[in-house]
Amino acid sequence: MGSVVVNNIVKTYGTKKAQVTALNGISFEVAPGELFGIIGPDGAGKTSLFRILTTLMLADKGEASVDGYDVVKDLKAIRKRVGYMPGRFSLYQDLTVAENLEFFATIFNTSIEENYDLIKDIYSQIEPFKNRRAGKLSGGMKQKLALSCALIHYPSVLFLDEPTTGVDAVSRKEFWEMLRRLKEKGITILVSTPYMDEASLCDRVALMQEGKLMSVNTPSGIVEQFGKPLLAVRSGNMLQLLRDLKQCREVEDAYPFGEYHHAVMKKDFSQQELEACLKNHPGVTIKAIQPDIEDCFMDLMKN
Amino acid sequence: MFILLGMPIVEIIIFGFALTNEVKNSKIAVFDQSADQASVAITQELNASRYFDVVKDIHSYSDIDAAFRKGTMKLAVVFPKNFHEDLLHLNKAQVQLIADASDPNVATTLTNYATAIILDYQDRITQGREVPYTIKTEQRMLYNPQLKGAYSFVPGVMAMVLMLICTMMTAVTIVKEKETGTMEIMLVSPLQPFKIIVAKAVPYLLLSLINIASILLLSTFVLGVPIQGNLLLLIGEGVLFIITCLTLGLLISTSTDSQQTAMFISLTGMFLPTVMLSGFMFPIENMPRFLQIISNIVPARWFYSIVKDVMIKGLGFTAVWKETLILVGMTLALLALSIKKFKIRLA
């Protein structure tokens, strides 16, 4: 039995005339103690999914359970045992750090001391600022405080909706380390993010696009599924290079990727033909690379 | 958008036609102790004018008092015994006009109209006579002998302030939680939604009590408007009205998602009707029928009348139980409606 079970969830917004499908038949299962990532661009339906799982919204179709409790019928039981951190900073900006924590401990019928072990690592980092108002904290510190508040009652399942959006690279890294440590304490964690590079930090990820799951697998499993040669190409004229790559018969898909363009090649492509396509370019560098999650995402989006 | 364009139209119509300080078909009592030719004639004239409707079943001063307490009448005309005979033989007679001056504007207007009609009659019968008849009108302003405006605006301001603070602030603070997203995490907690709301409402209840206290203190010691009735009853009714306003604010908060909308609804939807339709600025009796009906659903109307009765007229609970019951009913209805509408989920 999974810790979180989602079965064919459909959610649409708006009236019949202008209907937007946020979730279109989503199914997956998260094992207890797993760090599960939901990766997708803005508007993929991540927040809708989280709201349904945290009983904040009702799905139009399908059912879901968290910790064995149905998200519609066992609303109260779920609200007692999950921790939820919405995408937007949602603590009381006028209260100090310590007051916020105190407040959330109280509404969950617990005290800071009771579960201090769990949040010690995180909270100790912001403790020097405990008399500062939450609204005056930096982005990274806000996230740490929000996470502390979401953990104060030792939830069995933790839902983090885009916790690293708008947070600097160092804080992001720290944040993921914290998640790993929480996972070791046996908490099931569902985390959504638009950053593909964070996928590799999860046990398993679900790639989501326009309300559909494209793939659910371990990060390495997703990369293995790619199964096509991938090249990184650069030259003196990157714009023209992208056009030429797209023209070339040997190339299935090409897109800019940092300093290089990534070119997804047909199986058994010939290096000579590719070089022939790019013969007009001065100083072409071509190297074979391993695909990462983003390449896989681009590939899955195409199909 | 509709509100922006529609509001001036509605307001100009309401102000222009409906809300007037003029007196029309106001019910007055005639206590006729002589019932002779002259008194009957004057009564007929009063009745015939478009200002008054005469109610005759008044047989004693205590009847007048009772009618005032009930609030059905605002003016009583008392003819003494031997009115006509006095007029014929002494060439002068007296009429007493007793007005309920808890609303000084209305009281003045009513007595002026009545005096004018009586003088008119006097002039008519005097025509062609050498010795003129004089009918002297003696005016008595009940409850507010000095015709102080404060007597009517203290209850009015009280209703207005409470309405504004309780309704608007409750609505705005709850909606603010929705806006900042704190409602979202609070919902995903074992906290019962009911408790969230009570917690939001209690500070404003206390705040409003302080407001009542300061209004009462100021009116007693600075404006010289004494509290005639039972202070505890007055405060009790105040608490009741505060709760009514709080539930009203709650209802607004459940139907809106932004602080701006909540504020706008509270201001235009609650504040204006409170000012215009509670009877504080414009007497309800003079409004057209449809506005009178609408005024019934304005909680401030009932509270205003309660405060006036208790504070100015010094009446007890027996005089205001009907209004109290209406307020209780409104509160329960609003509460039921907002609990039903309160979402335990986001959407």
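This is a predicted model: local features need pLDDT of at least 70, side-chain atom pairs count only at pLDDT 80 or more; totals for chains, interfaces and linings use all residues.
Guide: Residues are numbered from 1 along each chain as its sequence is written, while chains are lettered from A and ligands numbered from 1 in the order in which they are written.

Visitor: What makes a set of residues a nonpolar core?

Guide: The members are buried Ala, Val, Leu, Ile, Met, Phe, Trp, Tyr and Cys residues joined through C-beta atoms within 7 Å. Buried means that 20 or more other C-beta atoms lie within 10 Å of the residue's own (exposed is 12 or fewer, partly exposed is in between, and C-beta atoms are placed from the backbone). The largest such set here has 74 residues, and Leu53(A), Phe159(A) and Ile189(A) have the most contacts inside it. Helix 5 (residues 139-151) of chain A gives the most to this core, six residues. A second, separate core has 54 residues, including Val154(B) and Leu315(B).

Visitor: Which residues does Phe159(A) touch?

Guide: Two residues are in contact if their C-beta atoms, placed from the backbone, lie within 7 Å. Leaving out residues up to four places away in sequence, Phe159(A) touches Phe50(A), Leu53(A), Thr54(A), Val82(A), Gly83(A), Tyr84(A), Met85(A) and Leu190(A).

Visitor: How do you know which strands belong side by side in a sheet?

Guide: Strands (E, at least two residues) and helices (H or I, at least four) are DSSP runs, numbered from the N terminus. Two strands pair if DSSP finds at least two bridges between them. Strand 9 (residues 204-209) and strand 10 of chain A are joined by five bridges and run antiparallel, so they count as a pair under the cut-off of at least two bridges.

Visitor: What is the order of the six strands in the open sheet of chain A?

Guide: The order is 6-7-8-3-9-10, with mixed pairing. Strand 6 (82-85) and strand 10 (212-217) of chain A each have a single partner strand, so one side of each is left without a neighbour in the sheet. On average, neighbouring strands are turned by 15 degrees against each other, direction ignored.

Visitor: Where are the domains of chain A, and how do you know?

Guide: Domain 1 covers 4-217 and domain 2 covers 225-302; such bounds come from an automatic or database domain assignment. Their centres, taken over C-alpha atoms, are 37 Å apart. Nine residues of domain 1 of chain A are in contact with six of domain 2 of chain A. Strand 10 of chain A gives the most to the domain 1 side, three residues.

Visitor: How many residues of chain B are in contact with chain A?

Guide: 14 residues of chain B are in contact with 18 residues of chain A. Helix 7 (residues 182-187) of chain B supplies the largest share of the chain B side, five residues.

Key: Axes are lines fitted to C-alpha atoms, for helices over the stretch in contact, and angles run from 0 to 180 degrees between N-to-C directions.
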